[in-house]
Amino acid sequence: MSEHDNLPERSSGSSPVDLSKGHVEGTGGLPARFENPGLPAHVHRHGDDDDAAARRSERQVAGLFVLSMLATVGFAVAYFAIDKNSTVTLPLVGVTNALHVALGVTLGLSLLGIGLGAVHWAKTLMSDEEIVEERHVLRSDDGARQGAIDVLTEGGESAQIRRRPLIVYTLGGALGLFAVPLGLQLVGSLGPLPKNDLSTTLWSTRIGQRDGKGGRKRKLMRDPEGTAIRLTDVTLGSVFHVLPEGINETEHPLNEKVKASVILVRLEESKIRSQRQRDWGIDGVVAYSKICTHVGCPVGLYEQQTHHLLCPCHQSTFDMTDDCKVIFGPAKRPLPQLKISVDTEGYLVADQGFAEPVGPSFWERG
Amino acid sequence: MSTETPARSADALRKDDDTSAPAKGAGAVGAVASWVDERTGTAKGFRYLMRKVFPDHWSFMLGEIAMYSLVILLLTGTFLTFWFVPSAGHTVYDGSYEPLKGIAMSEAYASTVDISFDVRGGLIIRQIHHWAALLFIVAIMLHMFRVFFTGAFRKPREINWIIGLTLLMLALVEGFAGYSLPDDLLSGTGLRAAEGFMLSIPVLGSYISYMVFGGGFPGEAIIPRLFTVHVLLLPAIIVGLFTAHIILVMVHKHTQYPGPGRTEKNVVGFPMMPVYIAKAGGFFFIVFGITALIAGLVTINPIWAYGPYEPTQVTAGSQPDWYMGFADGALRLLPGFLEFDLLGRTWSFNIFLGAIALIPVLFTIAGAYPFLEAWITGDKREHHILDRPRNAPTRTALGMAAISFYAVLFFAAGNDIMAIKLHLSINDITNILRLSAVILPPLVFWVTKRICLSLQRRDRDLVLHGRETGRIVRTADGRFFEAHEPLDAHTRWRLVAFESNRPLELPEGSDSNGVRRMGAAKQRLRTRLSGFWFNDRIEAVTPAELAAAHHRGEYEALEAAAVEDSHPQEFGGHLHGGAEEIGTSHAYGHLEEEKSDR
Ligand code: HEM
Ligand code: FES
């Protein structure tokens, strides 16, 4: 198809088209669109005509394959020869494990040698002449489609689907229900119901308690040392990470920690803004749940100057002088306060559990 | 069966046996091939497959990278299962990594530390596995962008678009499951957050969480359960879907970029044997090799440095793997007031929207896009020639807007790091990002669309006026022109081989006759969308326009001809004075030459 056919005679003098109008379709015998000029002629590469160049390529490819083999040998040598605890200092990387680096580099080179060799081979020596493959519409022809429909209808007729609705409905019912036992087993057995587990913590029970009665209040213990804390230990500006006494004797200490972990600080009483907050602490010593009310990370960062508690996960910030209300970030609710007092020996104890569920919100918390 | 066929002697029965004996000279390969073919009849299919043509373009390698990373993951993951102990059972560390000696931890964590320090070469496998996981998801996403921006999702490839999206979603979950297995401080924190996400689901949240974790968080069930999900359930589904994906690619035959000789009815490229086998097979080794090199040199996820999971501890700046960053960022941006109490129940939309709803919503929108676009254009044809992104400005702009939204969420996951690095308050950064999430996408849409349109205009200019040669020519009367060289037919084809959809027009009288039907409302919506998509479009140059451009340039060209005559050797093009003009006579000159060439 020559391009020439698509263009007007030079002397046709066809009236000029206004180009500012954008799209203009042809008049005067011009086709509406250009025609595909077809594949351009193949351009020869160096190696196609020059035997020396081709031999050079051959040597390069073989060289890469040899490099791969050498690296593979290197891997095996390194695997046996290098002590697993020896280190090596590399530029940029710093100090690393020598065996690890040696294995990674030799494995990498052995693979790269194969890969680069094969690609270089393909690019320089294999034919780079493009080939054309025809496409065909995906759609089956009408006969085949009708055939498929016929098979279905004939099959249905032979099974008497139309005439036996009873079978159809009962089969539908059986198929609809057969997955239920499997689903039931799975859903029913994967885990227990939450009941009030999310709303209670170890603080709401007492040490040595029987049938919900008796026992004594749980002490506040340092995390991780597990030692009790005297009121006098808590000096102004100090921060204690706290767990309930007896947590390691529970059935699932981790599960209890997730809910019962507490942060304890002493504030100047005058700075505390809410009376309730003052009442639930002693002499400015207050205890709050350490579990973020957003999605439950431990709120670990305490800024002494501002009395802000910061959650490292999504930066929710709680103001300890204002009942741990959220002053920034995605959390909504304040951290719940733990009501504390001092026992006869002078140790800090929890009077009762948290008044509300700790940690992330959930549907039933209301 | 029957004895009724004595007419055929045994010899006659054997007569057909040898039809597929190896061709002479085929040697051992031929013998094996013939052995197999006689038992499977695969020679025909094999020949077809080996001759299959694949077009060549760098952007087609993105899907390949994803495929190879998957293979690397399957391989290294299987290795890891030999030493990894999927158990939350308690143990005290007693391996060769000094800092952890004597510390209580789960068996999962201890075994991962062992893989890193006491299993020879275990660390390299672990590191390759993790790097390949990161690469896998990058590659899938870039591959998806390629498919989107070139319109490769159009008929008949919509199913593969959906399969691809599903694969991406599963890959994200698979990655998260794997990341959680070692039970280190970071991954435990991630799991804790995941539990918080589940709790935010209205009505069912706490039930789902207790089911998944087999009780309260963390419990002892989650590690073995995640293990099964990670090494069996999801890999099986991913491999199955991936196979379907590839089979469909074979059935559809690969798309190709517009170019001379490439049509909707053919596919132009290199045959599987030998070129593609060498290139693609070689490329597998390259991807694997680079992953191994990186794994050897750059440490990823040094779980030994984080320590075992402790619910009361957390490290500052804790961040998930990059592919979960956008969801984490969304959580950081959603303001707390989205949580409220209503009807005695807690609705935690500050969490639910970002952590639970976001991913399905994004994927649903992406999954619906091909059908939406097809509905708007009303185009029911098959498309095998890709769009250059500029030639589908609205689609490209929408895609870029979506990416910008994603990018804002992604960067929001680093709002604390940004605050420190930029010395800004985290509040300001977060508020800026919140604003950006709303403002940036429309802005990016607008800018991208303008860029596309101006690129299209430039293409038109090129076709109409040829390429600037940079050579200034002085005419007889002292005026200066820049010489322009017309495009040859092959180069030009690349620039004109596209169609612009035109906006639909509302059918006559659909408003005025007062008949309000559902169909009419739908039609109006469609018309409006079509206007939004295609109102400001730029169409490919037509032969008539090219001719007209030549015609208008005649005057200058005649003048220039005088100059040209004096340098016949070095000046093969035509001249360009004002903005638009080119000389007709010279514009056709090259065609004359071309014709005489053939
Ligand atoms: C399909 C994509 C896959 C992705 C995206 C993926 C991702 C991950 C990631 C991010 C980790 C954490 C690694 C670390 O830093 O310690 C991991 C661990 C692991 N993966 Fe995979 N994985 C995939 C497939 C597989 C397969 C197919 C298997 C096994 C048949 C497997 C077996 C394991 C094992 C045993 C671990 C824990 C051991 C360890 O972390 O060292 N993975 N995976
Ligand atoms: S978990 Fe604390 S801000 Fe998200």
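Me: Which side chains do B:Asp118 and A:Lys84 bring together, and in what kind of link?
Reply: They meet in a salt bridge. The N to O distance is 3.1 Å. Keep in mind that this is a predicted model.

Me: How many salt bridges are there between chain B and chain A?
Reply: The count is five.

Me: And polar contacts across that interface, how many residue pairs?
Reply: The rule finds 34 residue pairs in polar contact between chain B and chain A. Both residues of a pair are at pLDDT 80 or more.

Me: What area is buried between them?
Reply: About 10300 Å². Carbon and sulfur atoms give 64% of that area.

Me: Strands next. Which strands pair between chain A and chain B?
Reply: Strand S3 of chain A, residues 131–134, pairs with strand S4 of chain B, residues 266–271. The pairing is antiparallel and runs over four bridges.

Me: What is the bridge partner of A:Glu134 there?
Reply: B:Asn266, in S4(B).

Me: Which strands pair within chain B, say around residues 467–474?
Reply: That stretch is strand S7 of chain B, and strand S8, residues 480–485, is its antiparallel partner. Five bridges join S7 and S8 of chain B. One of the bridges links B:Ile472 to B:Glu482.

Me: What do S7(B) and S8(B) form?
Reply: A hairpin, with five residues between the strands. In the turn, B:Gly478 has a positive phi of about 90°.

Me: New topic. Where does UniProt list "transmembrane region" in chain B?
Reply: The unreviewed entry lists several spans, including residues 130–149 and 347–372.

Me: Helix or strand in residues 130–149 of chain B?
Reply: That span is 100% helix and 0% strand. Its end C-alpha atoms are 29 Å apart.

Me: And what about residues 347–372 of chain B?
Reply: Those residues are 92% helix and 8% strand. Their end C-alpha atoms lie 32 Å apart.

Methods
Residues are numbered from 1 along each chain as its sequence is written. Chains are lettered from A and ligands numbered from 1 in the order in which they are written. This is a predicted model: local features need pLDDT of at least 70, side-chain atom pairs count only at pLDDT 80 or more; totals for chains, interfaces and linings use all residues. Side-chain values use heavy atoms; hydrogens and water are left out. Buried area is the accessible area (1.4 Å probe) that two parts lose on being put together, summed over both. A salt bridge is a side-chain nitrogen of Lys or Arg within 4 Å of a carboxyl oxygen of Asp or Glu. A polar contact is a pair of N or O atoms within 3.5 Å; within protein, one must be able to donate a hydrogen and the other to accept it, and residues adjacent in sequence count only if both atoms are side-chain atoms. Two strands pair if DSSP finds at least two bridges between them. Helices (H or I, at least four residues) and strands (E, at least two) are DSSP runs, numbered from the N terminus. UniProt positions are given in the numbering used here, feature names are shortened, and annotations may be inferred rather than shown by experiment.
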